[in-house]
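Let's take a friendly walk through the salt bridges of this protein. Have the sequence and the model at hand as you read.

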Amino acid sequence: MMWLFRNKFSPMLWLIGLLLLITACSDPNLPEIPAEELVQQTAARMKESDGFQFTIARDGAPAFLDPGETLSFRRATGAYVAPDRALATVRVIGPGLITDVDVISVAEIQWQTNVVTGDWEELPPNWGFNPAVLFDDNIGIQAVLLADLSQVALAEPENLAESEGPDELIYSVTAVASGANIYQMSGFLIGPEQVDIQLWIRPETFELVRIVLREPEPEYEELESIWQVDISNYDELIDIQPPVIE
């Protein structure tokens, strides 16, 4: 009887033991890498990429897109193609108005659909939101990562299950960024004071998945505006051309 008992349950015990061994041998942690090196690898990956898709969202006080401070930025979804082209659908808020406008940027020239008519029009240099500048090699996010960060430190790895891409554990890095270059690249929407910044970076590829910037409101430092940029689909390019204006 004892022989039968052992024979009946030994396969199950063997399977349980194997699972325990696999679990013990697997390492849930990411490979160790210094925070500064991780940031440098991430900037290099962005520089070498031919393009990607992005979503930008902002919470906090209004960030006005026009000199008259009538239209403020809320969110944008679009694509970037190196070195200087981007398109996006931008959610704007004005007095009694919430609407989406389409934006196309080619180098420093920018077009936008009219809020009222929907027709394409070229924008003055000091108007609008130019997403291509955010990813410019010289003044964009890549440049900020390489030159403007201090207090760079690793945070606990996270799993951004709601983000685009595979469900996986990724690196997280915190830092403080000087605001001068961020102020310029954002079209004067972020900064010029220093901002707290956090990065989420995919292991092995060093692709930047998310960046969050937190800036205090000028009048109320206990309040903050939060910018979140999600980046996905590296090197999956779309054709971006200037609009046809009749």
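Let's begin with Glu 207. This residue counts as buried because its relative accessibility is 13%, below the 20% cut-off. Please keep in mind that the model is predicted.

Which residue does Glu 207 pair with in a salt bridge? The partner is Arg 45, and the closest N and O atoms lie 3.2 Å apart.

## Arg 45 and its other partner

Arg 45 is buried too, with a relative accessibility of 12%. It also forms a salt bridge with Asp 235, where the closest N and O atoms are 2.9 Å apart. Asp 235 is in the segment after strand 11 (224–232) and Arg 45 in helix 2, so this pair ties together parts 190 residues apart in sequence.

Is Asp 235 buried or partly exposed? At 34% relative accessibility, Asp 235 counts as partly exposed.

## A pair between Asp 100 and Arg 91

Now for another pair. Asp 100 and Arg 91 form a salt bridge whose closest N and O atoms are 2.4 Å apart. Asp 100 is partly exposed at 39% relative accessibility, and Arg 91 is partly exposed as well, at 31%.

## The wider picture

Through salt bridges that share partners, Arg 45, Glu 48, Glu 168, Arg 202, Glu 207 and Asp 235 are joined into one network. The structure holds 9 salt bridges.

How values were computed
Residues numbered from 1 in each chain as written. Predicted model: local features only at pLDDT ≥ 70, side-chain atom pairs only at ≥ 80, totals over all residues. Heavy atoms only, no water. Salt bridge = Lys/Arg side-chain N within 4 Å of Asp/Glu carboxyl O. Buried < 20%, exposed > 50% of the residue type's maximum accessible area, 1.4 Å probe, protein only. Helix = DSSP H or I, 4+ residues; strand = E, 2+ residues; numbered from the N terminus.
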